[in-house]
Amino acid sequence: MTFLNQLQSNILIGDGAMGTQLYALGVDQCFEELNRTHPEMIVDVHEKYVNAGADMIQTNSYAANAIKLDKYGLSKQVKDINYQSVKLAKQASHNDTYIFGTIGGIRRFQLEEVGLEEIRNAFKEQAEILLESGVDGLLLETFYDLEEAKLTVELARNLTSLPIVMNISLGEIGVLNGGIPVTEAFKALYHNGADVVGLNCRMGPYHMLRSFETVPIPNQGFLAAYPNASLPDFRDGRVFYQSNADYFQSMGKKFIEQGVRLLGGCCGTTPEHIAAFAKVKKEVAPITSKVVRPLHQILVKDQIPSKIDKPLPEIVKERHSVIVELDPPKKLSTEGFMQGAKALKDAGVDAITMADNSLASPRVDNLSLGSMVKQQLSARPLVHITCRDRNLIGLQSHLMGLHALGMNDILAITGDPTKVGDFPGATSVYDLTSFQLIQLIKQLNDGISFSGKELGEKSQFSVGAAFNPNVKYLDKAVKRLEKKIESGADYFMTQPIYNEAQIEALYHETKHLSHPIYVGIMPLTNSRNAEFLHNEVPGIKLTDEIRSAMATCGEDRTASTQEGLSIAKSLIDTTLEYFNGIYLITPFLRYEMTVELKEYIDQKAKSTRRV
């Protein structure tokens with residue numbers, strides 16, 4: 001009887017985790033490579049699952065695509081590794097065991113940006129090898145991204161008429177990343193050609209079962225559940241899962257009562273867990289109807305928006321606008337910083353912007369300083385957030401804290417790598433790129449957490465993005481800027497520019513865009529400062545004329561300051577011809593220089609019209 005015919009009237013049992021068994025044996029290498037180097041280990045794991053009662057086993061090919069294998073230098077071995085995975089599964093199976101070729105999802109929250117076309121090519125190559133090797137169907141699993149999942153199902157369906165199982169992984173109970181209800185995702189995957197759709201990984205039986213309670217019995221197709229053994233524990237540098245086969249047996253019954261027809265296990269599960277599910281199969285018959293529990297959703301769309309200041313992108317579209325960066329102090333005293341912030345507030349700047357440990361050196365936290373600026377001075381803080389220092393958990397928590405404090409202005413940036421800072425041995429996190437961070441901040445504006453869970457209300461962040469125009473090919477840099485607009489950026493702040501011609505070129509390359517740009521201008525303090533910026537700071541270049549002018553001042557502090565201000569004013573003159581927004585960067589907390597420049601801008605703006 002065919003696999004799908006079996007599911008019409010029976011419960012089928014899948015296998016459990018391959019990686020967990022290999023990990024327990026001390027394997028610390030690419031698991032899929034073992035198909036070639038230690039085939040006996042793979043056969044042994046398969047046999048244990050078959051003997052435990054698995055009706056269906058999956059090939060050891062989860063990460064056997066060119067993209068994932070490339071991390072191990074094995075991208076040229078895709079064909080051999082996948083071919084061997086099928087051969088070994090057949091060797092371990094019985095005559096009535098179904099063998100499904102496994103393909104694992106690629107997209108998650110990761111620094112590497114993998115395009116869908118690259119993913120399509122990798123999956124197509126892998127699927128064709130598995131199908132040619134004689135599998136009974138394809139099992140697509142651990143897909144966090146619905147777009148990738150839909151593409152993969154459609155690709156697989158175009159390649160074969162064999163059964164396709166698609167297991168997606170949820171960020172929260174009942175929803176995928178992005179807040180997509182699991183019921184909607186299942187419908188889309190059935191539509192694209194999946195025969196069986198289900199959930200795997202991330203959740204243990206309890207939370208996964210709650211998701212299935214929101215899913216109706218499908219009119220066409222079947223449901224699958226491959227839960228983790230439990231929540232993971234971490235001991236002495238190794239991951240552990242609870243050994244709870246008896247619990248699995250009781251939960252298996254509940255999965256069947258929710259309409260699941262294919263039961264298997266994911267991370268942490270063992271042959272004992274699969275044997276527990278196999279016992280349930282003999283005791284409980286499949287159901288054809290159920291009561292669906294509605295997914296609890298807070299109606300964030302009915303939220304009454306709180307009062308906030310006019311967003312900076314709106315201000316700069318209406319008039320000239322000045323935001324000023326003031327570096328958080330590296331030492332514990334904040335007195336000098338607050339004096340500078342007060343002087344800038346009194347000068348009428350539209351926002352005081354604070355870096356997030358610039359140049360990877362620890363400073364007083366900008367969330368704390370932003371709160372002080374807002375509460376004590378009634379000034380507008382604009383805080384930078386880097387992808388370097390916080391993982392996904394920390395980033396969302398930080399943003400939720402900003403929302404709670406009523407701080408709605410953010411500059412989302414990648415951040416300098418730790419090796420350039422005071423602690424070169426520290427870890428650069430980079431769970432996200434700046435593009436992804438912008439997207440997720442905008443997701444919070446829809447009232448949805450990074451994981452897809454609803455937050456009860458919407459944030460109201462206005463998101464700025466960094467832009468470096470100090471490049472040889474400005475048109476290519478503008479393409480990157482446009483990509484940030486697609487991600488959700490509301491406006492841009494540039495690196496300091498020290499060339500009038502570059503400011504004019506920037507206008508002509510970006511005049512087709514409606515998103516405003518704040519042009520970065522930082523007054524120089526002396527020749528050493530000028531040479532350091534030119535030669536050592538990425539993204540900043542000075543003209544020979546400016547470097548020469550600063551060098552002429554020698555060690556004369558007064559002359560250097562005046563020359564630095566004169567250069568900055570000349571750059572401001574050109575900027576005001578083309579842009580409404582100016583982003584002043586205060587050097588070394590010398591806020592008196594930026595106050596003078598702000599006053600100059602006010603005077604100049606009265607007689608200058610933007611073209």
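Q: Hi! Starting with strand 17, which residues sit on each of its faces, and are they buried or exposed?
A: Hello! In this predicted model, one side of strand 17 carries Ile-517, Val-519 and Ile-521, and the other carries Tyr-518 and Gly-520.

Q: Switching to strand 13: why is it described as largely enclosed?
A: Because 6 of its 6 residues, 381-386, are buried, strand 13 is largely enclosed by the rest of the structure.

Q: Which way do its side chains go?
A: Pro-381, Val-383 and Ile-385 point one way, while Leu-382, His-384 and Thr-386 point the other way. Both sets are buried, His-384 included.

Q: What about strand 12, how does it run relative to strand 13?
A: Parallel, with 3 bridges joining the two. Strand 12 spans residues 351-354, and its Ile-352 is bridged to Pro-381 in strand 13.

Q: Okay, helices now. At what angle do helix 18 and helix 19 pack?
A: About 55°, and their axes are 10 Å apart. Helix 18 is residues 474-487 and helix 19 is residues 500-510. That angle is why helix 18 counts as oblique to helix 19.

Q: Is the crossing left-handed or right-handed?
A: Helix 18 passes helix 19 in a right-handed crossing.

Q: Which residues make the contact?
A: From helix 18 they are Leu-474, Asp-475 and Val-478. Helix 19 brings Gln-502, Ala-505, Leu-506, Glu-509 and Thr-510. Sorted by class, the contact has 4 nonpolar, 2 polar and 2 charged residues.

Q: Zooming out, how many helices and strands does the protein have?
A: It has 23 helices and 18 strands. The C-alpha trace spans about 90 × 50 × 45 Å along its principal axes.

Q: What share of the residues is buried?
A: 55% of the 611 residues.

Q: Last one: what part of the contacts with a separation of 6 or more comes from residues 24 or more positions apart?
A: Those pairs account for 78% of such contacts in the protein.

Note on methods. Residues numbered from 1 in each chain as written. Predicted model: local features only at pLDDT ≥ 70, side-chain atom pairs only at ≥ 80, totals over all residues. Heavy atoms only, no water. Axes fitted to C-alpha atoms, helices over the stretch in contact; angles between N-to-C directions. Helix = DSSP H or I, 4+ residues; strand = E, 2+ residues; numbered from the N terminus. Parallel < 35°, antiparallel > 145°, perpendicular 65-115°, else oblique. Left-handed = near helix turned anticlockwise from the far one by under 90°. Contact = heavy atoms within 4.5 Å. Nonpolar A, V, L, I, M, F, W, Y, C, P; charged D, E, K, R; others polar. Buried < 20%, exposed > 50% of the residue type's maximum accessible area, 1.4 Å probe, protein only. Pairing = 2+ DSSP bridges.
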